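Reader: I'd like to go through this one with you and ask where the labels come from. Can you set each value against its cut-off as we go?

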Amino acid sequence: MSIQNITPEIQEQLNLSALLLQKHFRQLDLASWYGFNIDNQLNINIAKQILEQKNIRSSNHLRNVLYGCEMGTMISQKFLSYASELSNYKDDEYKQLLSEIEDPQQKSAYTVIYRHRFGLKTTALRGYEIAWYVFLMRLGYALNYISVEEIVLRLADIDRLAKRYFKNWGEFHLNVCVGNAYKHGEIQPDKSSYPASDTLWHAFQRLHTKHNNWFKQW
């Protein structure tokens, strides 16, 4: 397959990573295999840094992390375990638990879990993991850790998984944002604050403003 041959179907599959690309890169090229401007060395450095933060320094490392994203062991399993525990708490018991937590990030994570303890029992944070799956493949391709041919095969597989869990782009992107909030403590801001910061919530707003025609069909 030609490196330039991105069909509409493949483009939609690549777009599963668009929100994370919007968050991490200022120079996007979503209609490419990489998702960002490959000619900018700063972007290559960012890609390398993100991969190293996930302990990805080789093709084998990349495949191990992709497997975790696919199987839900990245964060979904732990999230569901905490959600199951908190679903038995009364509001006053939860508030007492929260008051005893000193770490701000942990407190934020518990806030996200408690808010979604029932609503995400089916999907968990699979959207977040699927987005990272595609995102990491595109970064890995930029660093020669994976081939286009393998990406195409994996995209078709992960796309089926995404459509099993989510009905549309809105549900999918919301799950990515909730997963990020759980992982990094980014609580959804007041919409009037746009575009005050570079949280994933604001990246979501920027993405749908710049590419509003890309995410209407699922």
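Reader: Let's start with a loop: where is Arg57 found?

Author: This is a predicted model, to be clear from the start. Arg57 is found in the loop between helix 3 (41–53) and helix 4 (59–71).

Reader: What makes Arg57 count as buried, exposed or partly exposed?

Author: Its relative accessibility is 47%. Buried would need a value under 20% and exposed one over 50%, so Arg57 counts as partly exposed.

Reader: And what does Arg57 touch, not counting residues up to four places away in sequence?

Author: Glu52 and Tyr145. The cut-off there is heavy atoms within 4.5 Å.

Reader: Now the rings. How many aromatic pairs are there?

Author: The count comes to 14.

Reader: Why is the pair of Trp169 and Phe172 called edge-to-face?

Author: Two values decide that. The ring centres are 5.9 Å apart, and the limit for a pair is 6.5 Å. The planes are at 85 degrees, and edge-to-face needs over 60, so this pair is edge-to-face. Both residues lie in helix 10 (residues 169–184), 3 residues apart, or about one turn of the helix. Trp169 and Phe172 are both buried.

Reader: What makes Trp169 and Trp218 a pair, and of which kind?

Author: Their centres are 4.8 Å apart, against a limit of 6.5 Å. The angle between the planes is 90 degrees, and this pair is edge-to-face. It links distant parts of the chain: Trp169 is in helix 10, while Trp218 is in the segment after helix 11 (200–210), 49 residues apart.

Reader: How do you know whether Trp169 and Trp218 are buried or partly exposed?

Author: Trp169 has 2% relative accessibility, so it counts as buried. Trp218 has 24%; that falls between the limits of 20% and 50%, so Trp218 counts as partly exposed.

Reader: Which residues form one aromatic cluster with Trp169 and Trp218?

Author: Tyr165, Phe166, Phe172 and Phe215 are in that cluster with them.

Reader: How do you know that a charge sits over the ring of Tyr114?

Author: The charged end of Arg117 is 3.6 Å from the centre of that ring, and the distance limit is 6 Å, along with an angle within 35 degrees of the ring normal. Elsewhere, Lys54 lies over the face of Trp132, at 4.2 Å from the ring centre.

Reader: How many salt bridges does a search of the whole structure find?

Author: It finds 6.

Reader: What makes Lys163 and Glu12 a salt bridge?

Author: Their closest N and O atoms are 3.2 Å apart, and the rule asks for a distance within 4 Å. The pair links distant parts of the chain: Lys163 is in helix 9 (residues 148–165) and Glu12 in helix 1 (residues 8–14), 151 residues apart. Lys163 counts as partly exposed because its relative accessibility is 31%. Glu12 is also partly exposed, with a relative accessible area of 26%.

Reader: Which residue does Asp159 meet in a salt bridge?

Author: Lys163, at 2.7 Å from N to O. Asp159 and Lys163 both lie in helix 9, 4 residues apart. Salt bridges that share partners join Glu12, Asp159 and Lys163 into one network. At 11% relative accessibility, Asp159 counts as buried.

Reader: And which residue forms a salt bridge with Glu150?

Author: Arg154, with the closest N and O atoms 2.8 Å apart. Glu150 and Arg154 are both in helix 9, about one turn of the helix apart, and both are buried.

Reader: Last one: what is the average pLDDT of the chain?

Author: The average is 90, and 92% of the residues score at least 70. Over residues 188–196 the pLDDT is below 50, though this stretch has 11 contacts in the model beyond near neighbours in sequence. Where pLDDT is low, the predicted coordinates should not be read in detail.

Notes:
Residues are numbered from 1 along each chain as its sequence is written. This is a predicted model: local features need pLDDT of at least 70, side-chain atom pairs count only at pLDDT 80 or more; totals for chains, interfaces and linings use all residues. Side-chain values use heavy atoms; hydrogens and water are left out. Helices (H or I, at least four residues) and strands (E, at least two) are DSSP runs, numbered from the N terminus. Buried means under 20% relative accessible area, exposed over 50%, partly exposed in between (1.4 Å probe, protein chains only). Rings of Phe, Tyr and Trp (its six-membered ring) pair if their centres lie within 6.5 Å; planes under 30 degrees apart count as stacked, over 60 as edge-to-face and the rest as tilted. A salt bridge is a side-chain nitrogen of Lys or Arg within 4 Å of a carboxyl oxygen of Asp or Glu. pLDDT is the predictor's confidence in each residue, from 0 to 100.
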